[in-house]
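The following paragraphs lead through one protein model, beginning with a term that the later description relies on.

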Amino acid sequence: WVVNAWNSASLDVLDYQWGLVADFWRETDRLAADHGVKVALELHPQNVVFNTADVRKLIDLTGATHVGVELDASHLFWQQMDPVAVVRELGPLILHAAAKDVRINKENAALYGVLDNSFRRLGPEEERTNLGGDEWANEWPKDSAWDFVALGRGHDTAYWAEFLAALHEVDPDMTVNIEHEDTSLGRIEGLEVAAKVLKNAAAAVPALG
């Protein structure tokens, strides 16, 4: 999939991709509507839809009424997007949210960029994390441009308070799930760190008090 088309040939590829995408999601939206559910897309650059403009384009092309966004803040951070601004831009199209932080390692990012692709495939004999079926998480670059981290290790509590406030404006009953992918912390420890930041952030938002 081409996700950036500054050259003319890539626009041809994107036109083809969007034709497939529109047909698929038009049908999926009808199926979701028939079953009374909504489908939330995660905005990740490995996907065709990965920013606010793409979300609007998908809705315009398909006329979808049961497709929206699962806002995982982490994937916006490493693109240098602002999750709070995205929430306020997309409004009711935000259906669900995930609290996961990113730390940008500025010296490495200056050399490799946030699209650094220096990941290493782990062999079957190495400890590795299964992602479903025959798909596995790769080893992270040693001099990474950015890392997934527990809440508060990339953006402070004040930022997460603003994030929660923006979500509350969209839907006061919205659930925010913690995603833990900080490899420097254990499973329980990572959740404890994130939960503390999220609870402190919620306490700082008057509407959530």
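A nonpolar core is a set of buried Ala, Val, Leu, Ile, Met, Phe, Trp, Tyr and Cys residues joined through side-chain atoms within 4.5 Å. Buried here means under 20% relative accessible area. The model to which these terms are applied is a predicted one.

In this protein the largest nonpolar core has 46 residues. Leu-58, Leu-71, Trp-160 and Phe-163 have the most contacts inside this core. Helix 6, covering residues 157–170, supplies the largest share of the core, with 7 residues. In soluble globular proteins, nonpolar side chains tend to be buried together.

Apart from its neighbours within four places in sequence, Leu-58 is in contact with Trp-18, Val-21, Trp-25, Leu-41, Val-49 and Val-67.

Turning to the protein as a whole, its secondary structure consists of 7 helices and 8 strands. Its radius of gyration is 18 Å, close to the 17 Å that the globule rule gives for 209 residues, so the protein is as compact as a globular protein of that length. Along the principal axes, the C-alpha atoms fill a box of roughly 45 × 45 × 35 Å. Of the contacts with a separation of 6 or more, 75% are between residues 24 or more positions apart.

Buried residues account for 40% of the 209 in the protein. The accessible surface is about 12,200 Å², and carbon and sulfur atoms make up 52% of that surface.

Notes:
Residues are numbered from 1 along each chain as its sequence is written. This is a predicted model: local features need pLDDT of at least 70, side-chain atom pairs count only at pLDDT 80 or more; totals for chains, interfaces and linings use all residues. Side-chain values use heavy atoms; hydrogens and water are left out. Helices (H or I, at least four residues) and strands (E, at least two) are DSSP runs, numbered from the N terminus. The radius of gyration is taken over C-alpha atoms; the globule rule is 2.2 Å times the number of residues to the power 0.38. Buried means under 20% relative accessible area, exposed over 50%, partly exposed in between (1.4 Å probe, protein chains only). Contact means heavy atoms within 4.5 Å. Accessible areas come from the Shrake-Rupley method with a 1.4 Å probe; for residues, only the protein chains shown count as cover.
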